[in-house]
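Good morning, and thank you for coming. I would ask you to look at the structure on the screen while I describe how its elements are arranged.

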Amino acid sequence: MEVDRARSVVTIEWDDGLRQELPLVEVRLRCPCATCRGLRDRDEDPWPRPGSPNPLGVDGAELVGAWGISFTWNDGHATGIYPWEGLRAWAEAEHAEAERAGAAHPDAPES
Ligand SMILES: [Zn+2]
């Protein structure tokens, strides 16, 4: 797992070679914490919030046991834990979409 601050993407390399690049903004919009879920339930975006630093950035990323990963965002928000399961499902959905579009990642392993 790598955070590329210059490009604002999080890259996750899965054990089977599937590589996932997640734009930080999309990661933040999917923040699974109770606060952000509440905002989405009211049809509000969890980011940007009034006074949010722009562009969005990540100050740190931390593994949460075997469970998942948490980010410390540059506005101080750090309560969301992203379970691996959810990230993996996201990766597979994107991968499937890319394959359907005939644009599979060029360095994906051949099967
Ligand atoms: Zn949140």
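Let me begin with a definition: the expected span of a helix is 1.5 Å times one less than its number of residues. Helices (H or I, at least four residues) and strands (E, at least two) are DSSP runs, numbered from the N terminus. Helix α3, residues 84–100, has 17 residues and reaches 24 Å from its first C-alpha to its last, close to the 24 Å expected at 1.5 Å a residue. Just after α3, G102 takes a positive phi of about 70°.

Two remarks on the source. This is a predicted model, in which local features need pLDDT of at least 70 and side-chain atom pairs count only at pLDDT 80 or more, while totals for chains, interfaces and linings use all residues. Residues are numbered from 1 along each chain as its sequence is written.

On confidence, pLDDT is the predictor's confidence in each residue, from 0 to 100. The protein averages 91, and 92% of the residues score at least 70. Confidence is lowest in strand β1, residues 2–4, at a mean of 90, and highest in helix α2, residues 34–41, at 97.

Now the overall layout. The protein has 3 helices and 6 strands, and from the N terminus on the elements run β-β-β-α-α-β-β-β-α. Along the principal axes, the C-alpha atoms fill a box of roughly 45 × 30 × 25 Å.

I turn to the strands, where two of them pair if DSSP finds at least two bridges between them. Strands β2 (residues 9–13) and β3 (residues 19–23) run antiparallel and are joined by 5 bridges. I12 has Q20 in β3 as its bridge partner. These two strands form a hairpin with 5 residues between them, and G17 in the turn has a positive phi of about 95°.

Which strands form the open sheet, and in what order? There are 3, in the order β4-β5-β6, with antiparallel pairing. β4 (58–64) and β6 (81–83) stand at the edges, each with a single partner strand, so one side of each has no neighbour in the sheet. The twist averages 25° from one strand to the next; axes are lines fitted to C-alpha atoms, for helices over the stretch in contact (C-beta atoms, placed from the backbone, within 7 Å), and angles run from 0 to 180 degrees between N-to-C directions. β4 and β5 (residues 68–73) are joined by 6 bridges, and A61 stands opposite F71 in β5.

Finally, α3 lies across β5 and β6, running at about 60° to β6.

Conventions:
Two residues are in contact if their C-beta atoms, placed from the backbone, lie within 7 Å.
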